[in-house]
Amino acid sequence: MRHFLTLLDISPSEANGILARGIELKAKQKAGEAHPTLAGKALAMIFDKASTRTRVSFETGMFQLGGHALFLHSGTTQLGRGEPVEDSARVISSMVDMVMIRTFDHAMVEKFAEYSSVPVINALTDLTHPCQILADVMTFVEHRGAIKGKTVAWIGDGNNMAHSWMNGAVTFDFTLNIASPDGYTVDESLLANARAKGAKINLCSSPQEAVNNADLVTTDVWASMGQEEEQKIREAAFKDYQVDTTLMSNANSDALFMHCLPAHRGEEVAADVIDGKQSVVWDEAENRLHAQKALMEFLMDAAS
């Protein structure tokens, strides 16, 4: 059974094929051309964390593919009452064709997948966020062509997005420069694994160094969901890591800016950057829909 728990669960050729199909599905949707390739199929969507883009993109995507999506909040299912993950996995996967999970603990998704009889998609854990990288790279391809050989600068927390960009460097063969404050660096084991697989990843001493010659600059909020109590501490630690126009001027003149959203203007990004001409964040957000539709088609085909 093929699952999508990290970007490394698919090969580079499969990943590029999914992106090409995502661009094709986007064109079909814009043209009003029906494409019910998953008619009669059901997707269970399990949420532990609040969501805007994840729920809208998966639910709408399944509708556009002719299937049906079920919203399941852990607090209103047996998962929230302490049912073992493996038992829930056996039951839910016996009734649907695919499962999507957005939660905190990556190990929970791995255990669910171990006992699931249908494909499982990681729609965000504290460790990785692979669906977002599919949408981000698809957006770069649309605006600038292939990302292979380009340079991506990650500015900020060494979080699940930074980890996913590291896996992206393995899959899509770009150089990744990372600048994070002391104490907020990326997971060392994931970094070592990515480098062992050939990824070109540089840990930089400053945001200025990271964006030098970058083709893409990207960041995330300083305090993610579940870290609200650390807000003041993080504001102090990240105060020199805001992506503003001065920092963007150190990147290539045609560099793009991305943010996985939600964004806090005046914190991790200045308003005139996220709302400026180099920003592609709205295309990036929309592409969650199209990239995930292609991903669901791929996994369903692999399971047949």
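How many aromatic pairs does the count come to? Five aromatic pairs, as it turns out. The legends below start with some of those rings and then move on to other spots in this predicted model.

**View 1. Tryptophan 165 meets phenylalanine 174 edge-to-face.** The two ring centres sit 5.7 Å apart, and the planes make an angle of 70°, so this pair counts as edge-to-face. Tryptophan 165 is buried, and phenylalanine 174 is buried too.

**View 2. Tryptophan 222 and phenylalanine 238 make a stacked pair.** Here we have 6.1 Å from centre to centre and 25° between the planes. Tryptophan 222 belongs to the loop between β8 (216-219) and α9 (231-237), while phenylalanine 238 belongs to the loop between α9 and α10 (245-248), so their pairing ties together parts that are 16 residues apart in sequence. Both of these residues are buried.

**View 3. Arginine 55 lies over a ring.** The ring in question is that of phenylalanine 71, and arginine 55 is over its face, at 3.9 Å from the ring centre.

**View 4. Five strands line up in an open sheet.** Read across the sheet and the order goes β7-β6-β5-β8-β9, with parallel pairing. At the edges stand β7 (200-203) and β9 (256-259); each has a single partner strand, so one side of each is left without a neighbour in the sheet. From one strand to the next, the twist averages 20°. Zoom in on β5 (residues 151-155) and you'll see it joined to β8 by four bridges, the two strands running parallel. Look for alanine 153, whose bridge partner in β8 is valine 217.

**View 5. Two cysteines, and no disulfide.** Why don't cysteine 131 and cysteine 260 bond? The sulfur of cysteine 131 has its closest cysteine sulfur in cysteine 260, but at 13 Å that is too far for a bond. Looking from the other end, the closest cysteine sulfur to that of cysteine 260 is in cysteine 131. The structure as a whole holds zero disulfides. Cysteine 131 is buried at 0% relative accessibility, and cysteine 260 is buried with a relative accessible area of 8%.

**View 6. Histidine 290 sits in helix α12.** That helix covers residues 281-303. Is histidine 290 buried or exposed? It counts as buried, at 1% relative accessibility. Leaving aside residues up to four places away in sequence, histidine 290 touches Gly22, Leu25, Lys26, Gln29 and Met138. Alanine 179 is another story: it is 111 residues from histidine 290 along the chain, and 30 Å separates their C-alpha atoms.

View 7. Leucine 261 has a positive phi of about 70°, although it is not a glycine. With 12% relative accessibility, leucine 261 counts as buried.

**View 8. Aspartate 173 has a positive phi.** The angle is about 60°, and aspartate 173 is not a glycine. Aspartate 173 is in the loop between α6 (160-172) and β6 (175-179). With a relative accessible area of 30%, aspartate 173 is partly exposed.

Note on methods. Residues numbered from 1 in each chain as written. Predicted model: local features only at pLDDT ≥ 70, side-chain atom pairs only at ≥ 80, totals over all residues. Heavy atoms only, no water. Disulfide = S-S within 2.5 Å. Buried < 20%, exposed > 50% of the residue type's maximum accessible area, 1.4 Å probe, protein only. Phe/Tyr/Trp six-rings, centres within 6.5 Å; stacked < 30°, edge-to-face > 60°. Lys NZ or Arg CZ within 6 Å of the ring centre and 35° of its normal. Pairing = 2+ DSSP bridges. Axes fitted to C-alpha atoms, helices over the stretch in contact; angles between N-to-C directions. Contact = heavy atoms within 4.5 Å.
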